[in-house]
Amino acid sequence: MSQPIDLALRTRAARVIPGGMYGHQAVGGLPEGYPQFFTRAEGPWLWDTDGNLLLDLMCAYGPQLFGYANHDIDRAYAEQMVIGDAMTGPSPLIVDLAEAMVAMVGHAEWAIFCKNGSDATTMALMVARSHTGRNAIVRAAGAYHGSSPWSNPRPRGIAPSDQAGQHICTYNDVASLEAAVKAAGRDLAAIFASPYRHDVFIDQASPSADYARRARELADETGALLIVDDVRAGFRIARDCSWSLLGVEPDLSCWGKAIANGHPISALLGSEKARGAAEKIYTTGSYWFAAAAMAASLATLKLIRESDYLERITALGESFRSGLDARANAHGFTLRQTGPAQMPLILFDKDPDMRLGYAWSASMVRNGVYMHPWHNMFISAAMTDANIAFALDAADQSFAELAKTAPTLGPNTRYPGPRRA
Ligand SMILES: Cc1ncc(COP(=O)(O)O)c(C=O)c1O
């Protein structure tokens with residue numbers, strides 16, 4: 001796989017962009033050979049700057065639910081762009097969109113729109129503090145809630161006071177949840193919950209019904225608000241808030257990524273109980289009212305309501321998962337495939353520094369499939385059985401290559417290792 005243009009861009013980027021690229025879109029923590037830059041995307045496909053074509057299992061880290069350049073969604077965006085986008089005030093579409101979200105999400109009675117998932121989770125924190133007049137939160141170790149100072153997973157640039165009053169529990173461990181709530185005491189404003197454990201580097205886990213129900217009870221007992229952060233999983237496992245599958249309704253839920261299929265918009269949804277608190281906080285952003293992303297979101301929500309996308313991505317994910325297992329086993333490897341099949345995380349068993357996972361993922365990229373060695377991936381509704389067959393053929397070839405090279409692989413120096421809490 002030739003990448004002269006990508007490499008030249010990286011050299012230029014290193015001069016004018018800190019680290020050459022920042023955040024999780026930087027490929028420094030990925031195996032060698034991953035392209036950093038892309039020029040084009042359509043349906044399930046990505047083109048890198050050197051013209052290599054890749055079947056994309058990352059879906060832009062989640063937003064691409066219906067694939068890139070979806071005709072209905074992008075037409076709605078483009079048409080609204082011509083009519084009016086970022087104006088002196090919102091267009092009527094903000095009311096249409098709030099009504100649509102409230103109609104689809106069981107616990108929601110109101111919506112505030114913003115741009116990124118981090119805006120929505122930070123606003124959730126503010127609403128909970130506004131509601132309770134308290135400050136502390138409980139959240140699970142390793143759970144990602146965005147890059148704001150209060151939620152940032154890395155210590156550099158963060159003051160200890162930015163993350164003061166955070167009580168950490170273990171996901172799905174009821175006793176540790178109770179202990180964290182107790183430690184927060186009378187200052188508890190919110191319990192944050194990921195819809196399922198989708199932490200990087202480790203096996204994913206479904207939420208236990210006991211854990212989710214206890215989180216609801218503890219919030220009610222203490223007067224704190226229960227917040228489900230559905231930024232990553234929203235509308236990928238349910239057409240409602242993800243915890244609706246467990247019969248647990250939060251007070252607030254955070255949305256982003258898939259709600260406009262890649263167009264910039266996110267949302268905080270809330271129940272009646274939290275409305276007064278939401279009315280009292282000051283929150284805004286120059287682009288939060290832009291109408292084109294709202295038009296795109298309305299078109300996306302229509303597809304979510306009216307198509308069988310969820311059943312299709314689940315079935316595609318399941319066939320990918322079982323096909324991968326068969327091929328891995330045939331070549332003498334055992335995979336740990338966890339998470340919902342449509343949001344798969346694929347790790348190799350007995351691979352502590354991920355050298356097998358890195359070598360296999362790099363080989364998948366060379367064979368035309370963009371995978372991630374330690375972050376959950378996403379199946380999009382633009383994918384077909386033929387795409388899954390293509391990915392499985394690539395996997396077969398990559399397992400065969402790995403079977404030859406595995407004994408000679410040295411320590412994996414690019415593996416960044418699990419995050420701190
Ligand atoms: C669960 C979760 N919450 C919040 C965020 C932050 O979203 P954004 O990157 O749009 O700010 C993410 C992003 O990956 C996420 O996965």
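Start by selecting strands β2 (residues 45-48) and β3 (residues 53-56), which run antiparallel and are joined by three bridges. Strands here are DSSP E runs of at least two residues, helices are H or I runs of at least four, and both are numbered from the N terminus; two strands pair if DSSP finds at least two bridges between them. Show W45 and you will find L55 of β3 opposite. Four residues lie between the strands of this hairpin, where G51 has a positive phi near 85°.

A word on the model: it is predicted, so local features need pLDDT of at least 70 and side-chain atom pairs pLDDT 80 or more, while totals for chains, interfaces and linings use all residues. Residues are numbered from 1 along each chain as its sequence is written.

Now move to the ligand. Select N116, G117, S118, T121, Y144, H145, G146, D229, V231, R232 and G256, which surround it; a residue is near a molecule if its C-beta atom, placed from the backbone, lies within 6 Å. Helix α4 (residues 117-132) gives the most to this shell, with three residues.

Two backbone stops remain. Most residues other than glycine have a negative phi. F235, in the loop between β8 (225-229) and β9 (252-255), has a positive phi of about 65°. M354, in the loop between β12 (345-348) and α10 (355-366), has a positive phi of about 60°. Is M354 buried or exposed? M354 counts as buried because 21 C-beta neighbours lie inside 10 Å, the cut-offs being 20 or more other C-beta atoms within 10 Å for buried and 12 or fewer for exposed, with partly exposed in between and C-beta atoms placed from the backbone.
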